[in-house]
Amino acid sequence: MPDHIDDVEIARLISVPKLLPEAWEARLKTRARPEISQKRANLEIPTTSGLFTIMIRESTVNVLDFSVVLAFTRPNGTLFRLRRYNGLHGGHVNHIERQAIRGYHVHIATERYQIAGYREDAYAIASQGFADIASALRLMFAECTFQLPPTSTPSDNPQLSLIPRK
Amino acid sequence: MADTDNIEREFKRKVCDELFIEQEGLNRYIVSTPLTFEDGDRLPIVLKREDERWVLTDEGHTFLQLTYDLDDSDLQTGSRREIIDRTLVSGGLTNRQGELLLPIQGDRYGDSLYSFIQALIKIDDIRYLSRERVRSTFVEDLKTFVERVIPATRRTYRWHDAQRDPPANYEADYRLNGTGTPLFIFALDSEVKIRDATITLAQYERWGLTFDSLGIFEDQESVNRKVLARFLDICGKSFSNLSAAEERFEKTYSEYVKELDAART
């Protein structure tokens, strides 16, 4: 498996600081694709270690079915999925550990699943840390070394901010 | 033969034990099987009542997870589209705006389930035709936006001056007509595109064309300062990102969004 990424490198990519651009909330606003019954958004985050992409997908048939994905672009141009925060869509099976998972779960890239011939993020853990796209984004930002843009200031907007500000 | 009967019975029992359905909502049941996509997520199978009949549906999940790796156009054209269409026909499924459905005929739940499972797996396999990088959706999003707010009779996609420029070396993403002065729109998703738009606008000026121009950036902040400056010097107006364009276009360019009896330009 010539292009697999090992666990050390996966951990390093997670720890690479990822600076969100100024208009990140607008650019992560999902837009409807009615012809395939989904809403989606993509945002690329360039870093000195390479290009990361945030992808959001939500079903318009089942609003609890969504994914918030953090991917890294490999040298060959394909996407390597580092983390995927999934809503409710029928459950998951960790084939190596022979575990069944129900409910909200987080897919995590591992070396062992790549070696076994599965997708890089075929291992998942159950999670109670999120229940919708906004909370999944918050959790991903906290776990995967995201940084708010430097000019962000607390908003007077009475609506809750996506990221709690200190 | 007792051993064979036992093996057969045990085999069937254990296979059945792996399959269960669970009610989740009114007339809606999750069908759980041991089968998964390559990422370990179970095949999305829902049994629900629609229009006096039972149907199996994936509620759009198969295409949703395919679009991590593929663009919409990958699903709607070419060899992938052919495979999807063939699979749907052979399995008796329909594609309702991205939702895969199989009505159950009579009480043929087992046959229907196996056909449905086979179709989902075959469709998911189209990702292996080639491993695509997911490009930004900016250009598609902009196209969707323009087609939503500008009547079809008032816009030309990928316009060039057919008389002065037959090979289309100087192309605008959109030409909007219907007023005294046409509006050229440029979708700016890369520095290469911005440089090309700068050159194109300069050429339109050399030809003596009368026009207004609008650049819509994917992300103006990420553009090289000099590339940006050269473009802004020549372009009439710009929006720094698509969201800004969506908020302000109809107000700023209200004269272009109405249907007209006949185009004036």
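User: In this predicted model, does Asp111(B) count as buried, partly exposed or exposed, and at what relative accessibility?
Analyst: In this predicted model, the side chain of Asp111(B) meets that of Arg108(B) in a salt bridge, at 3.3 Å from N to O. Buried would require under 20% relative accessible area and exposed over 50%, so Asp111(B), at 44%, counts as partly exposed.

User: What is the relative accessibility of Arg108(B), and which class does that value give?
Analyst: Arg108(B) is the salt-bridge partner of Asp111(B). Because the exposed class begins over 50% and the buried class lies under 20%, Arg108(B) counts as partly exposed, its relative accessibility being 47%.

User: Which elements of chain B are linked by the pair Asp173(B) and Lys193(B)?
Analyst: The side chains of Asp173(B) and Lys193(B) meet in a salt bridge of 2.9 Å, N to O. This pair links distant parts of the chain, its two residues being 20 residues apart. The elements are strand β8 (residues 172-176) for Asp173(B) and helix α7 (residues 191-206) for Lys193(B).

User: Which residues are linked with Arg84(A) and Asp41(B) in a network of salt bridges?
Analyst: Counted over all chains, there are 32 salt bridges. The network that holds Arg84(A) and Asp41(B) takes in residues of chain A and of chain B. From chain A, the other members are Arg81(A), Arg119(A), Glu120(A) and Asp121(A). From chain B, they are Asp39(B), Asp69(B), Asp124(B) and Arg127(B).

User: Which residues of strand β9 of chain A point the other way from His105(A) and His107(A)?
Analyst: In a regular strand the side chains alternate between the two faces of the sheet. Strand β9 covers residues 105-108 of chain A, and His105(A) and His107(A) point one way from it. All of the residues named for this strand are buried, and those that point the other way are Val106(A) and Ile108(A).

User: Which residue in β10(A) stands opposite His105(A)?
Analyst: Strand β9(A) is joined by 4 bridges to strand β6 (residues 79-86) of chain A, and these two run antiparallel; within that pairing, the bridge partner of Arg83(A) is Ile108(A). Strand β9(A) is also joined by 4 bridges to strand β10 (residues 123-126), again running antiparallel. In β10(A), the residue opposite His105(A) is Ala126(A).

User: Which helix gives the largest share of the positive patch in chain B?
Analyst: The positive surface patch is formed by Arg195(B), Arg225(B), Lys226(B) and Arg230(B). Lys226(B) lies in helix α8 of chain B, and this residue is exposed, with a relative accessible area of 52%. The largest share, 3 residues, comes from helix α8 (residues 225-234).

User: What value is phi of Asn27(B) near?
Analyst: Asn27(B) is found in the loop between β1 (20-23) and β2 of chain B, and at 35% relative accessibility it counts as partly exposed. Its phi is positive although the residue is other than glycine, with a value near 55 degrees.

User: What value is phi of Ala168(B) near?
Analyst: Ala168(B) is found in the loop between β7 (155-159) and β8 of chain B, and it is partly exposed, with a relative accessible area of 24%. As a residue other than glycine it has a positive phi, near 60 degrees.

User: How many Å apart in space are Pro21(A) and Arg102(A), C-alpha to C-alpha?
Analyst: Pro21(A) is found in the loop between β1 (18-19) and α2 (24-27) of chain A, and at 16% relative accessibility it counts as buried. Pro21(A) and Arg102(A) are 81 residues apart in sequence, and their C-alpha to C-alpha separation in space is 34 Å.

Key. Residues numbered from 1 in each chain as written. Chains lettered and ligands numbered in written order. Predicted model: local features only at pLDDT ≥ 70, side-chain atom pairs only at ≥ 80, totals over all residues. Heavy atoms only, no water. Patch = residues over 30% accessible without salt bridge, like charges linked within 9 Å, V, L, I, M, F, W, Y side chains within 5 Å. Areas by Shrake-Rupley, 256 points an atom, 1.4 Å probe, with all protein chains shown as cover. Salt bridge = Lys/Arg side-chain N within 4 Å of Asp/Glu carboxyl O. Lys, Arg positive; Asp, Glu negative; His and termini not counted. Charge placed at Lys NZ, Arg CZ, Asp CG, Glu CD. Buried < 20%, exposed > 50% of the residue type's maximum accessible area, 1.4 Å probe, protein only. Pairing = 2+ DSSP bridges.
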